[in-house]
Amino acid sequence: MGVTGPPGPVMDRDEADRALARLGAEHEAIETSLLALQDHAGRRLLEGAELTGSTKERWASAEASITLLWAYFDAYTDALRSAREIRSRRRWSSREDLVELTELLRGSGITVAGSTTATANAPTLAGTGKLSERFSLAGLVDRMNELYAASLDMVVTADAVWSALPARIDLLAAELQRTRALAHSVGVRPGEHPSGDDLERITRTLTALRERVVSDPLSFWVPAQGSSAPGGGRPDTTAYDREARALEEVRREIDAVLTVRQDAEARLVKLRDVLSRADRTLAEARSARGEVLAKIAASEVPAVSGPPTALQEQLATAAEYRRHAQWHRLSPLLEALEEKAEDELLRARESLTAVTQPLAVRAELRGRLDAYKAKVARHGFAEDPFLVERYDAARRMLWSAPCDLRVAEEAVLRYQRAAAELLSPQVPEQGGPHDRADRRGTDA
């Protein structure tokens, strides 16, 4: 929508013709814009909607503005028609015609009367106490531009929100219904599972959100910073996005429950196997403890605890949950049991290791003794009486029951030292061979 030139001296015929041509083109543009506004889908929706809040207030003002716009346009049309009639009186307009044309085209003699309702709500006449105003054509165009921009902004904004949010909310609500049906099938219900409560809350929130979007779309609009164009901004999807994220979290929880339903039996079988292995390991540890106490003397043997009855009870509870399809309760219980079962198996293995440690020490001493005997034999000293005596002493201690590990280890060390002395490079000795025999006797 354009703007006419400022008032000036009396126009000549060429100026008047150019002004009329410009005003004619401007009239056509204004009419096209007003008809487009009249046919705008957003305006039709606003007319038929039950509005609330700021949208209701702004639409009342916009409706009055649109009514005034048509009144202004009618006055503009009448003025243009009168000007064309004056110009068409004669081919060569007289000065009186040109003065009249100048006054009509550049003066402020156009009077616009508004209805009581329109003037009460429009942002132009409200509060002025006037039921009519006088304009120049240029001033009339400026006023129409102002009202048109404000009305179009309101209509475009509401239409943008309605085009963006309700459909998205409906899609999310449909997804919500599918999720609720799936949740119900796996036992995720309100009052029984937190996700069931979340679904109820999301349902209530989406219902209220859609009602607000439909009745007060302008409350969900974020204007663009520094933009004066009609409809500059974007729909505010903060509340919608929050509920979409909440529903996604619920879906992940239900997926986890579904996964439990699919592999619950395999996980229960594995749990039973782990706990059975732990029980067998503890039984082996208890048996080994009796053996250690019988075969090893003067040794601290730790006690072995009994089987974990609490875990067996929880395992029975898990099996009960599975039989009754209580997947939402089975899921966290299985996760906790799997961790506890692995810990229990590790504890049983550590207990077996601790209990059998003395037997491992005895086995290591036996192996060391036999290794040195083989080494001595390779060097041709297998029949050395002194070594045979030391070997037999250590062997009797290691193969007797109960075995005193401390004394047996000392015996093995004595045999090692004697073997090492015999196998070390020979050096000349003062006093002859009898001196070495004396030293052996002292060692003994």
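Helices here are DSSP runs of H or I with at least four residues, strands are E runs of at least two, and both are numbered from the N terminus.

**Entry 1: ground rules**

I am working on a predicted model, where local features need pLDDT of at least 70 and side-chain atom pairs count only at pLDDT 80 or more, while totals for chains, interfaces and linings use all residues. Residues are numbered from 1 along each chain as its sequence is written, and side-chain values use heavy atoms, with hydrogens and water left out.

**Entry 2: glutamate 96**

I started with glutamate 96, which sits in helix α4 (residues 95–106). Is glutamate 96 buried or exposed? I found it exposed, at 59% relative accessibility. For the cut-offs I noted that buried is under 20% relative accessible area, exposed is over 50%, and partly exposed is in between, using a 1.4 Å probe and protein chains only.

**Entry 3: the whole chain**

I counted 14 helices and six strands in the protein chain. Of its 444 residues, 38% are buried. Contact means heavy atoms within 4.5 Å. Taking contacts with a separation of 6 or more, I get 76% from residues 24 or more positions apart.

**Entry 4: the core**

Next came the largest nonpolar core, with 109 residues. A nonpolar core is a set of buried Ala, Val, Leu, Ile, Met, Phe, Trp, Tyr and Cys residues joined through side-chain atoms within 4.5 Å. Which members touch the most others? Leu140 and Met144 do. Helix α8 (residues 238–295) is the top contributor to this core, giving 18 residues. As background, nonpolar side chains tend to be buried together in soluble globular proteins.

I find 20 salt bridges in the structure. The criterion is a side-chain nitrogen of Lys or Arg within 4 Å of a carboxyl oxygen of Asp or Glu.

I looked at arginine 322 and glutamate 265, whose side chains meet in a salt bridge at 3.3 Å, N to O. This pair links distant parts of the chain, with arginine 322 in helix α9 (residues 309–323) and glutamate 265 in helix α8, 57 residues apart. Arginine 322 is partly exposed, with a relative accessible area of 31%. Glutamate 265 is also partly exposed, at 35%.

Then I checked glutamate 338 and arginine 267, a salt bridge with its closest N and O atoms 2.6 Å apart. Why does this pair tie together separate parts of the sequence? Because glutamate 338 lies in helix α10 (residues 327–355) and arginine 267 in helix α8, the bridge spans parts 71 residues apart in sequence. Glutamate 338 is partly exposed at 28%, whereas arginine 267 counts as buried at 16%.

Arginine 347 bridges to glutamate 344, and the closest N and O atoms are 2.3 Å apart. I place both in helix α10, three residues apart, about one turn of the helix. Arginine 347 is partly exposed, with 31% relative accessible area, but glutamate 344 is buried, at 9%. Elsewhere I traced one network of salt bridges with shared partners, joining Glu175, Arg178, Glu248, Arg251 and Arg252.

Arginine 362 is in helix α11 (residues 357–378). I get 11% relative accessibility for arginine 362, so it counts as buried. Which residues does arginine 362 contact, leaving aside neighbours within four places in sequence? My list reads Lys295, Ile296, Leu398, Cys403 and Leu405.

Glutamine 326 I found in the loop between α9 and α10. At 23% relative accessibility, glutamine 326 is partly exposed. The C-alpha atoms of glutamine 326 and valine 257 are separated by 9.5 Å, and the two residues are 69 residues apart along the chain.

**Entry 5: α1 against α2**

I finished on helix α1 (residues 13–39) and helix α2 (residues 41–48), whose axes come within 5 Å and cross at roughly 50°. That makes α1 oblique to α2. Axes are lines fitted to C-alpha atoms, for helices over the stretch in contact, with angles from 0 to 180 degrees between N-to-C directions. Under 35 degrees counts as roughly parallel, over 145 as roughly antiparallel, 65 to 115 as roughly perpendicular, and the rest as oblique. On the α1 side I noted Leu37, Gln38 and Asp39, which meet Ala41, Arg43 and Arg44 in α2.
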